[in-house]
Amino acid sequence: MAVVSLSNVIEGFGEDARPSLTVGEMLDAFDSRAFGAMLFVFGALNTLPLPPGSSTILSLPILLLAPQVALGADAPWLPRKMVERPLKRDDLRGLFRKLTPIVKYMELVTRPRLTWIFTPLGERMIGVVCTLLALVLILPIPLGNLAPGATVAVLSLALLQRDGLLALLGYLMALISLGLLFVSAGVVTAAVHKLIGLFSGFF
């Protein structure tokens, strides 16, 4: 039986006429690729323009799945309520359609290489890094979801394709993402201090 490509599965989510989609249905569609595929989808969705607060919701599956990869779990586990909760397909259809051509391109340019990176310890390291990035994603930082989301997507795709070169790129992106977080935190802190100083001058 031929394995359906990741891009075709994602495209199918958007083209399905049924009004709702559950996380459980997504897990079933990805089958043995569920860990990497779910991390990729939710990481990639966080890189798209989203309403305020959406990144917090879309990062929860990453926050639950990534630690399981870090612990070397064989199969993904999610709370039953999250697995069975229906999502409005119309809310996600446009996102899936935007995501599909990106995935198709990535499938063309990635391939198994530097596979020594994907030892059991190496796979767990990807889970650890994705967990840290998920903690950043749940923070309500304006546009703060873009870099961490892209990094989760790259690392999970590297895991799916066994592409060590892509994994190294993902680790570099993780360092940059964390660096941007510290810069953002510094800017916000400085701005708060400045505002406090301005207001204190009036009293």
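## Helix α8 and its end

Just after α8, Arg162 takes a positive phi of about 55 degrees. Helices here are DSSP runs of H or I with at least four residues, strands are E runs of at least two, and both are numbered from the N terminus. The model is predicted: local features need pLDDT of at least 70, side-chain atom pairs count only at pLDDT 80 or more, and totals for chains, interfaces and linings use all residues. Residues are numbered from 1 along each chain as its sequence is written, and side-chain values use heavy atoms, with hydrogens and water left out.

Helix α8 covers residues 146-161, 16 residues in total. Expected span is 1.5 Å times one less than the number of residues. For α8 that gives 22 Å, and the end C-alpha atoms are 22 Å apart, so the two agree. Buried means under 20% relative accessible area, exposed over 50%, and partly exposed in between (1.4 Å probe, protein chains only).

## Overall fold

The protein chain has nine helices and two strands. From the N terminus on, the order is α-β-α-α-α-α-β-α-α-α-α. Of its 203 residues, 40% count as buried.

Contact means heavy atoms within 4.5 Å. Among contacts with a separation of 6 or more, 75% join residues 24 or more positions apart. The chain exposes about 11400 Å², and carbon and sulfur atoms supply 70% of that area. Accessible areas come from the Shrake-Rupley method with a 1.4 Å probe; for residues, only the protein chains shown count as cover.

## Salt bridges

Side chains of opposite charge can pair when their charged atoms come close. A salt bridge is a side-chain nitrogen of Lys or Arg within 4 Å of a carboxyl oxygen of Asp or Glu. The structure holds six of them. One pairs Glu11 with Lys104, with the closest N and O atoms 3.7 Å apart. Glu11 sits in helix α1 (residues 6-15) and Lys104 in helix α6 (residues 89-109), so this pair ties together parts 93 residues apart in sequence. Both ends are partly exposed: Glu11 has a relative accessible area of 26%, and Lys104 has 34%.

Another bridge joins Arg113 and Asp163, and here the closest N and O atoms are 2.8 Å apart. This pair also links distant parts of the chain, 50 residues apart. Arg113 lies in the loop between α6 and α7 (120-137), while Asp163 lies in the loop between α8 and α9 (164-200). Arg113 is partly exposed at 23% relative accessibility, whereas Asp163 is buried at 0%. Asp16 and Arg18 also meet in a salt bridge, at 2.7 Å from N to O. Arg18 is partly exposed, with 47% relative accessibility.

## Positive phi in two loops

Leu114 has a phi near 50 degrees, a positive value in a residue other than glycine. Its place is the loop between α6 and α7. Leu114 is partly exposed, at 35% relative accessible area.

Arg162 is likewise a residue other than glycine with a positive phi. Arg162 belongs to the loop between α8 and α9. Its relative accessible area is 28%, so it counts as partly exposed.

Thr22 lies in strand β1 (residues 20-22). At 14% relative accessibility, Thr22 is buried. Leaving aside residues up to four places away in sequence, Thr22 touches Val83, Glu84, Arg85 and Pro86.

Gly12 is in helix α1 and is partly exposed at 32% relative accessibility. The C-alpha atoms of Gly12 and Ala29 are separated by 9.6 Å, and the two residues are 17 residues apart along the chain.

## A nonpolar surface patch

Leu169, Leu172, Leu175, Ile176 and Leu180 form a nonpolar patch on the surface. Together they have about 490 Å² of accessible area. Patches are made of residues with over 30% relative accessible area and no salt bridge; like charges are joined within 9 Å, and nonpolar side chains (Val, Leu, Ile, Met, Phe, Trp, Tyr) within 5 Å. Leu172 lies in helix α9. Its relative accessible area is 49%, so Leu172 counts as partly exposed.
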